[in-house]
Amino acid sequence: MDHRVDRFVLPAGAVATLATLLVVFYLPVGSVLASAITAGSRLTVDPLLTVLGDPFYTGAAHSLFVDPLGVSGGIGRWLGAGLPPVGFGLFGFTAYQALLSTVASVVVGLPGAYLLARFEFPGRRFLRSVTILPFVMPSIMVAVGFLAMFGRTGLFNDLLGLVGLGPVELTFTLEIVIMAHAFYNAPLVTRLVTAAWESVDGRRVETARTLGASPLRAFRDVIVPQLLPALGTAAVLTFVFTFMSFPIVLALGGLQLATVEVWLFDRVQNLDITEAATLGAIETALSLGLIYLYLRFEAMKLQSGGESRGLARERLVDGWRSLADPRRLGLLAYGAVVLVLFVGPLASLVIESVTTPGGQFTTEYYGFLLSQQSGSATGTVRPAQAVSNSLLFGVGALALALPMGLVVSLVATRERRGSRLAEALLTAPLAVSGIVLGLGMLQTLVFGTEILGHRLTVTGPVAIVAAHAVAGYPFVTRNVTPALGAIDDRLVDAARSLGASRARTLIDVQLPLIGAALVAGAAFAFAISIGEFDSTVLLAEGVDSATMPVALERYTGNRSLGPNLGPATAMGTLLLAVTTVSFVVIDRVGGRWEQ
Amino acid sequence: MTLGVAITDCSVAYDSVTALDDVSLSIEDGEFFTLVGPSGCGKTTTLRAIAGLADLDRGTVAIGGRDVTDDPPESRNAGIVFQNYALFPHMSVRENVAYGLQFRETESDLDDDARVTELLELVEVADLADRDPDQLSGGQQQRVALARALAPEPDVLLLDEPLSALDAQLRQRLRVQIRSIQEDLGITTVYVTHDQAEALAISDRVAVMRDGRLEQVDTPETVYREPATRFVAEFVGDNNVFDAVVGPAGSRATVDGVSVPLPPEYGLDSGEPVTLSVRPESITVDGSGPETNDGATLAATVDTVEFLGDAYRVHCDWQGRTVVVRTGASEPPEGDVTLRFGADDVSLL
């Protein structure tokens with residue numbers, strides 16, 4: 001290849017990627033942000049004030065925006081009245097449930113990190129890699145699993161019944177929402193803290209001990225400072241994720257427990273786009289602030305220089321006597337919690353999908369998935385089409401996310417400037433919820449928009465694929481960048497000196513060496529697409545573009561079904577199978593190079 | 001004679017750190033040329049500039065009389081071997097060596113397969129052709145890397161510390177082999193090393209570099225015996241360097257009150273400050289050397305002695321400074337000693 005052409009291959013790819021992101025991400029999100037501060041073509045703060053000044057949204061804090069001068073008087077009256085309870089509105093409630101969810105995730109996640117980092121037992125490596133699983137699990141599927149486990153006729157109440165307790169009603173309570181959030185985010189806490197714990201250099205602890213520190217003191221002085229940044233990172237991420245959580249709250253909490261996201265969705269359904277966009281803008285601003293906090297925590301992570309030798313692990317079971325050890329007893333109890341909270345919902349999902357309400361075995365629900373007709377009792381989505389849509393969109397999103405992710409990785413590994421740009425590109429989608437992106441796409445691409453004099457209108461399916469690609473490409477990049485960075489620059493230099501152009505070097509040397517990471521990234525992106533609900537539910541016009549998660553929500557949302565979750569669990573199980581295959585690919589193929 | 005490689009006025013800076021500062025070098029066709037210096041001196045940058053792997057801020061590079069300054073690495077026909085071998089891990093030994101053949105027409109009338117076999121035989125690893133790189137020892141990997149670089153018949157062979165990762169014995173054996181292959185092929189070779197002994201042993205000419213500049217470019221013998229600068233004197237071998245003042249006659253100088261002879265050819269003016277260098281093996285301890293009237297005589301005390309196998313390296317204390325002496329005596333010197341050297345042993349920096 002002519003080297004003048006060759007030189008522009010990567011810049012051209014980077015420009016194409018940026019242009020794509022500009023059209024399918026920044027333009028839609030920008031339009032949402034813009035509609036919060038414009039009316040017609042005029043700048044105004046009215047939409048913002050309408051939301052922020054409404055006690056429904058901001059509770060007692062609304063007077064800050066409506067009557068700032070009266071705030072001090074208000075606080076005085078409140079103190080005088082003896083601190084009566086104060087409402088904080090929708091935003092307050094959203095933050096409150098996110099805070100509770102974060103606490104629950106940390107409480108459930110930390111013992112897991114202790115177990116994985118400090119004990120050796122069969123299956124430890126498997127458990128460690130399973131902590132990645134929630135990332136690829138469709139949240140609406142998990143919600144159905146929770147209904148199957150903790151619903152009135154669920155496995156949990158059956159178990160309670162066996163010991164003469166219950167039944168408890170958890171459906172549409174804050175408890176089940178928080179448990180589901182813990183299901184998602186406790187593994188994240190476990191994963192990040194375990195990684196930090198394993199990176200503690202054992203020799204530092206030994207040095208502290210020889211200098212006179214007790215084991216507890218060495219733990220406090222050497223290990224804890226290394227764990228805290230990881231814990232902070234995990235907690236902030238959990239808070240962001242649960243603040244923006246949508247399908248779980250929608251399916252398990254309903255409108256009674258609406259968070260900002262759920263309410264935003266409801267506003268769109270009621271065609272109150274301006275209020276929805278304003279909510280989205282405020283939410284995005286809040287989450288951007290939180291993401292900034294997260295990046296600060298990331299930067300705080302202690303980099304231990306040089307080679308590090310991990311801490312030695314204890315055997316979990318070391319003869320019968322070791323079982324009397326209080327730490328091990330505690331971990332045993334923890335195991336029971338894990339079983340109920342993590343295994344329970346997934347097992348229930350599968351069990352319910354082959355069980356009639358009467359307890360008989362049935363394959364009827366799976367037969368339903370193949371049917372082309374929409375059953376009157378199960379909403380209007382045709383299940384077979386939802387399955388094929390999901391697969392089709394998944395492949396489409398993959399075809400877009402893979403090259404985008406690869407290009408961003410190539411940019412990221414080139415220079416320091418490149419890596420900063422890439423980091424910014426990768427973090428932005430994290431701060432924008434799927435609902436906001438979906439809403440923005442509706443406002444711009446689907447309803448039609450003017451770009452450089454050309455009118456651009458895309459259909460729902462195209463918009464869905466684009467939204468999925470935006471959600472998926474950061475996972476490609478996060479997998480590929482380390483693999484690409486690990487390639488010795490001199491391999492590239494050697495290939496170039498032997499006569500290979502940049503493009504040939506990429507094909508002959510770099511791509512084969514990052515093949516595994518690329519496959520893992522692809523599996524991630526595919527799984528993300530298959531499970532994506534937030535933007536899909538807005539973009540799937542009518543019933544023709546509905547995907548499996550959207551169908552799943554329609555099935556659970558239809559209360560006329562009563563306690564029968566059958567069709568939903570069957571589709572949920574199918575989603576679980578796709579997710580599990582993706583996970584196995586990520587773990588087996590991707591993990592091979594991690595070692 | 002045509003020039004193998006010509007570098008003219010080259011400068012390279014990384015993030016405002018100057019790696020190469022206005023360097024010019026002419027390397028003859030078929031010459032074995034070595035760049036030597038401490039880490040960060042710019043020797044590897046010079047090599048990368050020749051290969052087209054470093055971006056020049058200024059200057060030109062020519063290979064075989066052709067200006068390649070604006071050519072990308074793949075058009076320069078330079079074969080490069082790195083310290084860590086940089087074999088493609090996903091290709092077999094044979095595929096590694098064959099890789100460059102697809103891009104270049106070689107003069108050899110052999111087909112690619114036969115050419116690969118020929119090269120693997122040349123570097124004595126023909127029996128490993130179907131192995132993967134990770135199944136090879138360091139020395140074997142380095143031989144394969146050499147074969148790979150030679151396969152497309154490059155105009156210049158660039159070797160970047162190729163032996164540094166190997167143990168001492170293998171290093172010495174391989175460097176002899178590299179030199180003999182280079183002589184057989186008559187290929188212009190630029191060799192980078194931080195090991196001055198290696199540089200002296202293997203090269204036609206040596207360039208000593210420091211802080212991105214050339215300190216001295218000459219044959220190994222001249223660089224060793226007549227170092228041009230204090231830095232070269234101290235870096236190549238462990239010369240004793242003295243600051244002195246030229247005496248009234250111009251034939252002697254004074255170091256801390258002790259008279260030291262000067263070689264006659266310099267013709268220095270009285271009172272001129274000079275820097276002298278004396279090699280450790282030129283200094284005799286006690287009566288072990290010929291006693292001359294016009295030599296220098298230093299009364300010193302032995303500090304530490306290192307046994308080198310064929311000699312002792314003796315660190316002596318003379319008037320608060322260390323003088324290093326190398327002696328072939330069968331017993332290590334002890335206590336107070338007399339050190340002597342003659343006018344011919346002194347070189348002026």
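User: At what angle do helix α20 (residues 383-412) of chain A and α25(A) pack?

Analyst: This is a predicted model, and each value here is computed from it. In it, the axes of α20(A) and α25(A) lie 8 Å apart. The angle at which these two helices pack is about 135°.

User: Which word describes how α20(A) is oriented to α25(A)?

Analyst: The packing angle of α20(A) and α25(A) is about 135°. Angles over 145 degrees would count as roughly antiparallel, and 65 to 115 as roughly perpendicular. The angle therefore makes α20(A) oblique to α25(A).

User: Is the crossing of α20(A) and α25(A) left-handed or right-handed, and how many charged residues has their contact?

Analyst: The crossing of these two helices is right-handed. From α20(A), residues including A:Phe393, A:Ala397 and A:Leu398 meet residues of α25(A), among them A:Ala522, A:Ala525 and A:Phe526. By class, the contact has 9 nonpolar and 5 polar residues, and the number of charged ones is none.

User: How are α23(A) and α25(A) oriented to each other?

Analyst: Helix α23 (residues 460-486) of chain A packs with helix α25 (residues 502-531) of chain A at an angle of about 150°, and their axes are 8 Å apart. Angles over 145 degrees count as roughly antiparallel. The two helices are therefore roughly antiparallel.

User: How many nonpolar residues has the contact of α23(A) with α25(A)?

Analyst: Among the residues that α23(A) brings to this contact are A:Phe475, A:Val476 and A:Leu484, while α25(A) brings A:Ile514, A:Leu518 and A:Phe524, among others. The class division shows 6 polar and no charged residues. The number of nonpolar residues is 15.

User: Which strand gives the largest share of the side of chain B that touches chain A?

Analyst: The contact takes 15 residues from chain A and 20 residues from chain B. The side of chain B divides into 13 nonpolar, 5 polar and 2 charged residues. Its largest share, 3 residues, comes from strand β6 (residues 78-81) of chain B.

User: Which strands stand at the edges of the open sheet of 5 strands in chain B?

Analyst: The order of this sheet is β13-β12-β11-β14-β20, with antiparallel pairing. A strand at the edge has a single partner strand, so one side of it is left without a neighbour in the sheet. The edge strands of chain B are β13 (258-261) and β20.

User: What is the average twist from one strand to the next in this sheet, and how many bridges join β11 to β14 of chain B?

Analyst: The twist from strand to strand averages 45°.

User: Which residue of β20(B) is the bridge partner of B:Val278?

Analyst: β14(B) and strand β20 (residues 346-348) of chain B run antiparallel, joined by 3 bridges. Within this pairing, the partner of B:Val278 is B:Val346.

User: Which residue in β13(B) stands opposite B:Thr254?

Analyst: Strand β12 (residues 252-255) of chain B is joined to β13(B) by 4 bridges, and the two run antiparallel. Opposite B:Thr254 stands B:Ser259.

Conventions
Residues numbered from 1 in each chain as written. Chains lettered and ligands numbered in written order. Predicted model: local features only at pLDDT ≥ 70, side-chain atom pairs only at ≥ 80, totals over all residues. Axes fitted to C-alpha atoms, helices over the stretch in contact; angles between N-to-C directions. Parallel < 35°, antiparallel > 145°, perpendicular 65-115°, else oblique. Contact = placed C-beta atoms within 7 Å. Nonpolar A, V, L, I, M, F, W, Y, C, P; charged D, E, K, R; others polar. Left-handed = near helix turned anticlockwise from the far one by under 90°. Pairing = 2+ DSSP bridges.
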